[in-house]
Amino acid sequence: MTRAAEDGTTDTTVVIVGAGFAGVGCARVLARHRVQVLLVERNNYHQFQPLLYQAATAQLAASDVGTPLRTLFHKDETVSIKKDEVVSVDAATRTVTTTDGHSYRGEYLVLAVGSQPNFFRTPGADTHAFPLYSLADAQRLRSRIFELFEAADRDPKLVDAGALTFVIVGAGATGVEIAGALADLVHNVLPDEYRDLAVQATRIYLVEHGHAVLAPFSRDAHEYAIRVLQRDGVQIMLGTSVKEVTSNSVVLSDGSAIATRCAIWAGGVRAAPLAANAGVSRGRGGRITVLSDLTVEGFDRVYALGDVADIPSPDGTAFPQLGSVALQTGQWAAKSILADIAGRPRGSFHYHDKGIMAMIGRGAAVAEVGAKRHELHGAIAFAAWLGVHTWLMSGVRSRVDALVSWGWDYFSASRTPALIDRPDAATIDWGDEDGETPAAPGPAQLKPAAR
Ligand SMILES: Cc1cc2nc3c(=O)[nH]c(=O)nc-3n(C[C@H](O)[C@H](O)[C@H](O)COP(=O)(O)OP(=O)(O)OC[C@H]3O[C@@H](n4cnc5c(N)ncnc54)[C@H](O)[C@@H]3O)c2cc1C
């Protein structure tokens with residue numbers, strides 16, 4: 001039985017692994033009730049994934065997207081933080097072990113380790129493509145993008161070797177957002193010194209093996225997204241899969257290849273690797289199977305939350321891997337733990353559906369708001385996006401000024417400095433060690449539309 005000290009602190013220890021929306025959302029509610037929390041996270045910061053593409057295209061600084069955990073919890077005396085990577089889980093004893101051999105055991109264990117890119121075993125994708133799932137990914141991608149503009153400025157002949165060709169794999173929300181942001185960067189933001197060449201020679205391809213852009217949205221939204229992207233010069237290739245990614249090309253299912261030095265992977269996610277080392281049952285996408293109260297099947301005091309959990313929804317499917325789902329699972333699990341401490345019954349997870357939304361370009365977004373999916377396009381959808389993401393950010397941070405000022409600045413084209421600060425990603429071997437560079441596609445076919 002849990003004891004409560006005079007200052008209200010309880011001696012129940014909750015070990016939370018992962019400080020994304022789910023882990024931080026859970027820790028914040030527990031901290032308000034002075035429950036002892038040990039938060040184990042491999043980074044020393046919380047990363048706000050919905051803003052990663054803004055960081056990759058220099059719309060936001062890295063510090064706007066990542067917040068140090070010790071800053072987030074500096075007022076919460078009952079929360080301690082360990083920067084460490086968990087490599088194994090013993091669900092029966094609620095113990096986790098880290099890379100450097102430390103073990104942590106809690107009365108409750110919360111697994112909130114999120115997801116990782118799914119390359120679907122595409123040869124070369126894990127080595128040569130740029131995924132966009134972490135702050136480090138966004139910094140690497142930004143360095144690569146701006147190095148390519150610099151390289152083309154130094155030697156315009158490199159355009160023929162794919163220097164200004166960007167191939168985005170996957171036309172879901174992440175792929176569409178990065179395609180729109182890249183087009184915006186070229187047309188509205190690049191410094192004058194290399195803007196002329198960039199506007200004339202940049203090619204942006206959005207490759208999707210399905211037959212729709214933004215598949216989870218309505219048919220009207222698909223058409224709207226295609227119109228906006230094509231207006232901005234994005235070449236959309238539906239019904240086309242990527243067969244291989246090399247250091248200088250992307251090979252497509254029809255056997256053709258596009259010369260590029262920047263293939264951006266937005267092709268989907270699967271559960272974080274720890275899910276496979278937790279000794280628990282797993283479902284869709286390798287995610288941990290949980291019961292309706294979010295506990296792991298067979299382990300009453302072990303929770304799996306957010307992206308890493310296969311959470312049954314009332315319609316028999318699983319809840320989507322969204323920030324709003326993750327945040328609410330974190331808050332729900334915390335309330336269940338508090339109910340246990342108070343001797344009250346737990347309930348089944350109830351999700352307040354905020355809808356789905358995606359940004360397509362400057363002032364252009366689609367949103368299907370609320371459980372009834374009220375459909376919005378354009379500036380009003382952009383405002384809905386900003387509202388929902390401000391709510392999301394306030395669930396994990398106390399300050400949302402970066403997001404609000406970004407929303408404001410978006411219309412005035414102001415940007416943060418586009419630093420090339422990740423030499424590992426910026427170094428390009430123009431010697432084509434993987435073989436011949438495929439011919440660049442013809443300019444007439446690909447010339448971006450005038451704005
Ligand atoms: C580019 C992008 C854009 C997105 N845009 C939106 C959007 O606009 N709206 C929306 O609702 N959702 C969006 N999503 C989805 C949303 O970000 C995720 O659903 C959400 O982040 C999941 O939260 P989580 O807490 O489950 O996992 P995460 O946020 O991924 O957090 C998991 C944490 O666990 C840590 N971790 C992992 N393994 C270990 C380990 N072994 N040891 C220690 N720590 C570990 C990670 O470092 C990470 O900090 C987007 C996702 C991406 C990738």
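This is a predicted model: local features need pLDDT of at least 70, side-chain atom pairs count only at pLDDT 80 or more; totals for chains, interfaces and linings use all residues.
Two strands count as paired if DSSP finds at least two bridges between them.

**Around β22**

Strand β21 covers residues 295-296 and pairs with β22 in the antiparallel sense. Within this pairing, Val296 stands opposite Phe299 of β22. The two strands make a hairpin, with 2 residues between them. Gly298 sits in that turn and has a positive phi of about 90 degrees.

Strand β22 (residues 299-304) also has a parallel partner, β9, which spans residues 108-111. Here Val110 has Tyr303 of β22 as its bridge partner.

**The β24-β25-β26 sheet**

Three strands form an open, antiparallel sheet in the order β24-β25-β26. The edges are β24 (355-361) and β26 (374-377). Each has a single partner strand, so one side of each is left without a neighbour in the sheet. From one strand to the next, the twist averages 5 degrees.

Strand β25 takes in residues 364-369 and pairs with β26. In this pair, Ala367 has Leu376 of β26 as its bridge partner.

Which helix lies across β24, β25 and β26? Helix α9, residues 219-231, does, and it runs at about 170 degrees to β25.

**Pairings by bridge count**

| Strand pair | Sense | Bridges |
|---|---|---|
| β9 and β22 | parallel | 3 bridges |
| β21 and β22 | antiparallel | 2 bridges |
| β25 and β26 | antiparallel | 4 bridges |

In general, strands of a sheet pair through backbone hydrogen bonds, in either a parallel or an antiparallel sense.

Methods. Residues are numbered from 1 along each chain as its sequence is written. Side-chain values use heavy atoms; hydrogens and water are left out. Axes are lines fitted to C-alpha atoms, for helices over the stretch in contact, and angles run from 0 to 180 degrees between N-to-C directions. Contact means heavy atoms within 4.5 Å.
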